[in-house]
Amino acid sequence: MPKRHRLKILVIEQNPLFSDGSRLSDLVGLTDKIEPSVLELYDDIRFGSHGLVTCETVSWERDDGFPAHKIDFNLSSGMSKTLDEETVRRLFEKGWYGWWSNEWFTKEVCPENVGFSFNYDRLIREHDLIERRRNSEFDMILLVNQDPVYCFEACMMGKNAYWINGDPIEADCPLTAIMNVSVSRRDANFECFGHMMENVMMHVFTGGTDCFGYTEHEWDGVQYDSMNLWQKFILAKRNYDGTAACGNVHFSPNSVRDYDWKNPDPVLSTWRDWQENYPDLTGQAELFDPSVYIPLGMDCEKHACRLHHRWWFSCMPHADGVTHEGGYSNSWWDYFASLDYVEEIRAEEDGTFTFRYRSGKTETFNLPPVPAGQIGLSPVEDPGCAVTVGRESIRVEKDGKSASIPRK
């Protein structure tokens, strides 16, 4: 049975309090959408993982002030790192979407390139996130926002943190995802998790080397057998001239452009093979079109993005054990939940193996006795790594890393 993960979630709601007792979410008419946005994500993760990952809110904390930024805003009261009530009320006087095209705001209030200017350092300090994470109070942070916030869709905090679609935040605590939840863009919230997963799996299979599959014709002519498992999973008509698989977060197997979720033209795809048979892939393909994830007759204009992402995650390997080659977990949800993977394996003089993970933690693997004359895969049941017994040596593999010791 694949490992199940119950993630403890810290929700930080940034919802400025106005002088009359109302909040920014009241101004833009989204107050009743805040909690459903979070619960919807929990359901998406449960559905996509086939129940292997469930989420539980362990604390919901609300910030009354305006979020801090790394740039200065030109307010009527002077330069400030935060917006104020007067500015925000004027910004949203045309409704929520008004701020996107409000020239007064972009030319006078923040003429500087705002970029991803949200101040994570202040958030971490004010909520004591590092110490609380060290004490295992939570596993993941959901940052529930009222726009404009200018934060990353996803970023990582912790020891040896790495890019998951936002600048990593080095901190003395376990690896932790800080995920953006936009109350106004609920259709795309699961996408933040998709980009996080893309980056995590790239680190697992390539050490972080670009392997997105977003470039048109990227792998045309490349031999299928030379690809790693992640590349094989994200094959699509756009990036490969052979049979498509599951595509990625922006391109389904038959997409010809970004977010082309409703393209009716069918292509051959092995998506069902990945969803139902992994790790025993047969290579069998079938015609794919959007009816795979969009119910017939459904008005999907507002839901196609989310429906695609739920389907895409559901195709991700979710089986027991490890691969015979490379020692990768057959449930990629293990990487989703931990954000961690093995970076090095050392063979020790005493015959044990030491796994060093990205997070800096280490584990010792004690090789069980190997019967004389045995050659091939280890008789150990689910050792958490792949063990190959040769005539002269024994090789241990995990997450694509390996080490060997002489056979006695």
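1. Two strands pair if DSSP finds at least two bridges between them. Helices (H or I, at least four residues) and strands (E, at least two) are DSSP runs, numbered from the N terminus. Under these terms, Gly158 stands opposite Glu170 in β7.

2. A word on the source. This is a predicted model, in which local features need pLDDT of at least 70 and side-chain atom pairs count only at pLDDT 80 or more, while totals for chains, interfaces and linings use all residues. Residues are numbered from 1 along each chain as its sequence is written, and side-chain values use heavy atoms, with hydrogens and water left out.

3. The sheet. Six strands form an open sheet with mixed pairing. Their order is β2-β1-β5-β8-β6-β7. β2 (53–63) and β7 (169–170) are the edge strands, each pairing on one side only. β7 pairs with β6 (residues 154–158) in the parallel sense, over two bridges.

4. Helices on the sheet. Helix α2 (residues 34–48) packs on the sheet. It touches β1 (5–14), β2, β5 (140–145) and β8 (176–182); contact means heavy atoms within 4.5 Å. The direction of α2 makes about 160° with that of β2. Helix α7 (residues 189–206) lies across β5, β6 and β8, at about 155° to β8. Axes are lines fitted to C-alpha atoms, for helices over the stretch in contact, and angles run from 0 to 180 degrees between N-to-C directions.

5. Aromatic pairs. The whole structure holds 33 of them. Rings of Phe, Tyr and Trp (its six-membered ring) pair if their centres lie within 6.5 Å; planes under 30 degrees apart count as stacked, over 60 as edge-to-face and the rest as tilted. Phe190 and Phe313 have ring centres 4.7 Å apart and planes at 35°, so this pair is tilted. Phe190 lies in α7 and Phe313 in α10 (residues 304–314), so the pair ties together parts 123 residues apart in sequence. Phe190 counts as buried at 1% relative accessibility, and Phe313 at 0%. Buried means under 20% relative accessible area, exposed over 50%, partly exposed in between (1.4 Å probe, protein chains only).

6. A second pair. The ring centres of Phe233 and Trp274 are 5.3 Å apart with planes at 80°, so the pair is edge-to-face. Phe233 and Trp274 are both buried.

7. Charges over rings. The charged end of Arg90 sits over the ring of Trp104, 4.0 Å from its centre. The term requires NZ of Lys or CZ of Arg within 6 Å of the ring centre and within 35 degrees of the ring normal.
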